[in-house]
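Subject: Structure handover

Hello,

Here is the structure for you to take over. My notes on what was found in it follow below.

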Amino acid sequence: MSYSDWMSKLPAELHTTSLFKLVIPGSHDSMSYDLDVHSRIIEPNALRRFSRLYCVRKIIHTWAITQVRRELITTAWRKMERMGRLTCQFLSQEVNMTEQLNAGVRYFDLRIGRKPNDTDPTRLYFHHGLYTHTDVETILQEINTWAESHPKEILILSLSHFEGFDKKIAAKLHNHLIEFIKNLFKAKLLPNMVNPTLKHCWDNGKNVIVSYDHPSYHQAVLWRKITYYYGNSMDRAKITAKLCQALEKQKSPNYFFVCGLNPTLPHNSGILRYILRVCDSFPNVVRRGLPKMLRWAKQQHEKTPMNIIASDVVTRADFVKTVVELNLKKGKRR
């Protein structure tokens with residue numbers, strides 16, 4: 001079954017349900033499929049000084065990349081001059097922005113950054129450990145093209161982080177980006193409102209929501225920060241425990257919120273346990289755990305209904321199908 005137009009196919013009784021109450025598939029670090037291994041290191045901070053070392057950048061790339069179809073295709077023995085060495089050949093097939101949209105993803109985690117010493121004073125990129133190949137305006141244009149041909153699918157773009165927005169140029173960069181967004185999406189932008197529904201969006205020709213995570217630049221057409229709850233751990237039990245706590249005590253019933261199923265690498269020496277696995281990668285770790293995380297989400301949703309559910313590998317393990325079908329479950333709280 002295709003989920004490229006799943007919102008338009010929801011039962012009529014959900015057309016007047018608040019978007020805050022629908023269950024929406026989202027992608028975490030949505031642009032991390034496009035990371036440039038040749039770019040400067042952004043994080044972790046302790047490794048920035050090693051940006052000139054390809055081997056360090058390659059490790060970061062392997063453990064920062066998301067939204068790819070497969071990794072670790074083959075292992076092969078290669079003879080070096082005097083010894084045989086087992087090497088892993090990592091081949092990844094990216095799930096680009098249009099493919100994520102076609103798969104049914106409707107929330108996008110977009111982390112914005114400016115490359116130091118860029119000759120274009122207003123050009124911006126995405127980032128997660130490294131910068132992306134593709135600039136922000138190109139991707140937003142791609143999203144706009146898709147939105148025009150799918151007018152009943154509501155897209156939620158969450159812009160945040162704003163790396164490299166130095167104080168002297170920050171206002172210029174923010175204003176340029178916001179004006180570009182307004183001029184690009186135009187009438188498709190849904191202004192901030194109390195109770196958005198599918199019917200309201202459809203009746204008014206709106207299908208793009210932009211959340212801008214910077215309080216100094218709030219405007220009528222920009223929505224405030226969307227809280228992203230996550231477990232901050234690689235351990236599934238710890239992830240689900242923290243998410244349960246957030247769902248039971250912290251979430252707002254009258255605004256968007258994200259339940260992130262994604263694991264998070266340690267910020268201390270514990271990270272070595274993972275990144276020194278020569279024949280592993282972050283997408284592989286996520287893939288192995290996603291089926292169990294989805295089973296937990298289905299069970300937890302009965303107790304504490306969710307809004308946006310995000311993953312690092314949105315085309316695996318029936319992620320979109322499982323999330324969308326939560327809208328159809330009997331007894332869902334409204």
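To begin with a pair of helices: helix 6 and helix 8 run roughly parallel to each other, because their axes cross at roughly 25° and an angle under 35 degrees counts as roughly parallel. Please bear in mind throughout that this is a predicted model.

Helix 6 covers residues 236-249 and helix 8 covers residues 282-303, and their axes come within 11 Å. The crossing of the two is right-handed. On the helix 6 side, the residues that take part in the contact are R236, I239, T240, L243, C244, L247 and E248. They meet G289, K292, M293, W296 and Q300 of helix 8. Sorted by class, this contact is made up of six nonpolar, three polar and three charged residues.

Another residue of helix 6 is Q245. Q245 is partly exposed, with a relative accessibility of 41%. Between Q245 and G231 there are 10.0 Å in space, C-alpha to C-alpha, and 14 residues in sequence.

Next, the cysteines. How many disulfides does the structure hold? The number is zero. For C259, the closest cysteine sulfur is that of C244, and at 8.4 Å it is too far for a bond, given that a disulfide needs the two sulfur atoms within 2.5 Å. C259 is buried, at 1% relative accessibility. C201 is buried too, and its relative accessible area is 1%.

Last, a residue in helix 4, which runs over residues 170-185: H176. Is H176 buried or partly exposed? At 29% relative accessibility, H176 counts as partly exposed. Leaving aside residues up to four places away in sequence, H176 touches T122 and E137. T315 is 139 residues from H176 along the chain, and their C-alpha atoms are separated by 33 Å.

Regards

How values were computed
Residues are numbered from 1 along each chain as its sequence is written. This is a predicted model: local features need pLDDT of at least 70, side-chain atom pairs count only at pLDDT 80 or more; totals for chains, interfaces and linings use all residues. Side-chain values use heavy atoms; hydrogens and water are left out. Axes are lines fitted to C-alpha atoms, for helices over the stretch in contact, and angles run from 0 to 180 degrees between N-to-C directions. Helices (H or I, at least four residues) and strands (E, at least two) are DSSP runs, numbered from the N terminus. Angles under 35 degrees count as roughly parallel, over 145 as roughly antiparallel, 65 to 115 as roughly perpendicular and the rest as oblique. A crossing is left-handed if the near helix is turned anticlockwise from the far one by less than a right angle, and right-handed if clockwise. Contact means heavy atoms within 4.5 Å. Ala, Val, Leu, Ile, Met, Phe, Trp, Tyr, Cys and Pro count as nonpolar, Asp, Glu, Lys and Arg as charged, and the others, Gly among them, as polar. Buried means under 20% relative accessible area, exposed over 50%, partly exposed in between (1.4 Å probe, protein chains only).
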